[in-house]
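Subject: Structure handover

Hi,

Here is the structure for you to look over. My notes follow below it.

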Amino acid sequence: MGFVQEARENHVKKKVEEALRSKMKQKALKECDQFTVKYAECASGRTLSVVWQCRKQAKELNECLHQYTNDSVLEEMKKVYMLEQDKKVQ
């Protein structure tokens with residue numbers, strides 16, 4: 001498959017991409033809820049010290065979120081969306 005053809009197949013409108021990104025972020029937050037809670041507990045009552053006191057919790061949360069919010073996940077969501085749109089047309 002050529003680059004141009006692949007780009008056309010994975011192209012979605014800007015609003016659709018924004019909606020997919022939002023859906024991806026919501027799923028990530030749901031999946032990483034336990035890390036969010038740990039970070040929130042650590043950060044509670046802190047101001048500047050949260051940066052160094054909660055570094056471990058922040059790193060764990062970011063690593064979890066990155067599993068669900070990266071370019072490959074978004075591309076997969078676009079492919080699924082495009083397949084669903086093709087089924088609706090047929």
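How many helices and strands are there in the protein chain? There are 6 helices and 0 strands. From the N terminus on, the order is α-α-α-α-α-α. Helices (H or I, at least four residues) and strands (E, at least two) are DSSP runs, numbered from the N terminus.

Ground rules first. This is a predicted model, in which local features need pLDDT of at least 70, side-chain atom pairs count only at pLDDT 80 or more, and totals for chains, interfaces and linings use all residues. Residues are numbered from 1 along each chain as its sequence is written, and side-chain values use heavy atoms, with hydrogens and water left out.

**Whole chain**

The protein chain has 90 residues, and 21% of them count as buried. Buried means under 20% relative accessible area, exposed means over 50%, and partly exposed lies in between (1.4 Å probe, protein chains only). The accessible surface comes to about 7300 Å². Carbon and sulfur atoms hold 54% of that surface. Areas come from the Shrake-Rupley method with a 1.4 Å probe; for residues, only the protein chains shown count as cover.

Now the contacts (heavy atoms within 4.5 Å). Take those in the protein chain with a separation of 6 or more: 70% of them are between residues 24 or more positions apart.

**Salt bridges**

The structure holds 4 salt bridges. The criterion is a side-chain nitrogen of Lys or Arg within 4 Å of a carboxyl oxygen of Asp or Glu.

Start with Glu 17. Its side chain meets that of Arg 21 in a salt bridge, at 3.1 Å from N to O. Both residues lie in helix α2, 4 residues apart, or about one turn of the helix. Arg 21 counts as partly exposed, because its relative accessibility is 34%. Glu 17 is at 16%, so this residue counts as buried.

Glu 17 also forms a salt bridge with Lys 78, where the closest N and O atoms are 3.4 Å apart. This pair links distant parts of the chain: Glu 17 is in helix α2, Lys 78 is in helix α6, and 61 residues separate them. Lys 78 has 8% relative accessibility and therefore counts as buried.

Which residues are linked in a network of salt bridges? They are Glu 17, Arg 21, Glu 75 and Lys 78.

Helix α5 (residues 55-68) holds both Glu 60 and Lys 56. Their side chains meet in a salt bridge at 3.8 Å, N to O. The two are 4 residues apart, about one turn of the helix. Glu 60 counts as partly exposed, because its relative accessibility is 22%. Lys 56 reaches 59%, so this residue counts as exposed.

**Largest pocket**

The largest pocket has a volume of about 240 Å³. Its lining consists of Leu 20, Lys 23, Met 24, Lys 27, Tyr 68, Val 73, Glu 76, Met 77, Val 80, Tyr 81 and Glu 84. Two or more lining residues come from each of α2 (14-31) and α6 (71-89). The largest share is from α6, with 6 residues.

Here is how pockets are found. On a 1 Å grid over the protein atoms alone, a cavity is a set of points where a 1.4 Å probe fits but cannot get out; a pocket is an open set with protein on both sides within 12 Å along at least five of seven lines, and lining residues have an atom within 4 Å of a point. Grid points are joined across faces, edges and corners, and a volume is the space filled by probe spheres set on the points.

Arg 21 and Met 77 are 56 residues apart in sequence, yet 9.0 Å apart in space, C-alpha to C-alpha. Ser 22 also lies in helix α2. Ser 22 is partly exposed, because its relative accessible area is 35%.

**Surface patch**

Leu 48, Val 51 and Trp 52 form a nonpolar patch on the surface. Together they have about 380 Å² of accessible area. Patches are made of residues with over 30% relative accessible area and no salt bridge; like charges are joined within 9 Å, and nonpolar side chains (Val, Leu, Ile, Met, Phe, Trp, Tyr) within 5 Å. Val 51 sits in helix α4 (residues 50-53). Is Val 51 buried or exposed? Val 51 is exposed, because its relative accessible area is 54%.

Best wishes
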